[in-house]
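Subject: Structure handover

Dear colleague,

Here is the structure for your files. My notes on it follow below.

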Amino acid sequence: SAPPPLVVVSLGRVDYGKALTLQNALVAARIADTIPDTLLLLEHPPTITHSYTGRGAEHLLGDPATLADRGVAVHPTDRGGDITFHGPGQLVSYPI
């Protein structure tokens, strides 16, 4: 039998917060089995993420206001890891 379908969506450059909102909605839809497995392909404008617990934030080399002045967004996230930079030209994939 054929494997289940996988929908691949190329979104271009998407703000991290908007991409996270979309991911959360798609995860809920996937759990409800109203969409098939989905792979989002995109890039973010300059963005630094760190744990919402604060882990990783100590490694920021500038305060969020200074980084924002330089066009870099800072987002706490519920994902593991330390601190991560996402930027133009970096392909990011989010499997749902």
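Which residues make up the largest nonpolar core? There are 11 of them: V14, Y16, A19, L26, A29, I35, L40, L42, V92, Y94 and I96. A nonpolar core here is a set of buried Ala, Val, Leu, Ile, Met, Phe, Trp, Tyr and Cys residues joined through side-chain atoms within 4.5 Å. Buried stands for under 20% relative accessible area, exposed for over 50%, and partly exposed for what lies in between (1.4 Å probe, protein chains only).

Before the rest, the basis: this is a predicted model, in which local features need pLDDT of at least 70 and side-chain atom pairs count only at pLDDT 80 or more, while totals for chains, interfaces and linings use all residues. Residues are numbered from 1 along each chain as its sequence is written, and side-chain values use heavy atoms, with hydrogens and water left out.

Two or more residues come from each of helix 1 (16-31), strand 2 (37-43) and strand 6 (92-95). Helix 1 gives the most, with 4 residues. Helices (H or I, at least four residues) and strands (E, at least two) are DSSP runs, numbered from the N terminus. Leaving aside neighbours within four places in sequence, L26 is in contact (heavy atoms within 4.5 Å) with I35, L40 and I96.

An open sheet of 3 strands has the order 4-3-5, with mixed pairing; two strands pair if DSSP finds at least two bridges between them. Strand 4 (73-77) and strand 5 are at the edges with a single partner strand each, so one side of each has no neighbour in the sheet. From one strand to the next, the twist averages 25°. Strand 3 (residues 47-51) pairs with strand 5 in the antiparallel sense over 4 bridges. Helix 1 lies across strand 3, strand 4 and strand 5, at about 30° to strand 4. Axes are lines fitted to C-alpha atoms, for helices over the stretch in contact, and angles run from 0 to 180 degrees between N-to-C directions.

H86. This residue sits in strand 5 (residues 83-86), and T47 stands opposite H86. H86 is buried, at 11% relative accessible area. Beyond neighbours within four places in sequence, its contacts include Y16, H44, T49 and V92.

A68. Helix 2 (residues 64-69) holds A68, which is partly exposed at 48% relative accessibility. A68 and T47 are 21 residues apart in sequence, and their C-alpha atoms are 9.5 Å apart.

Regards
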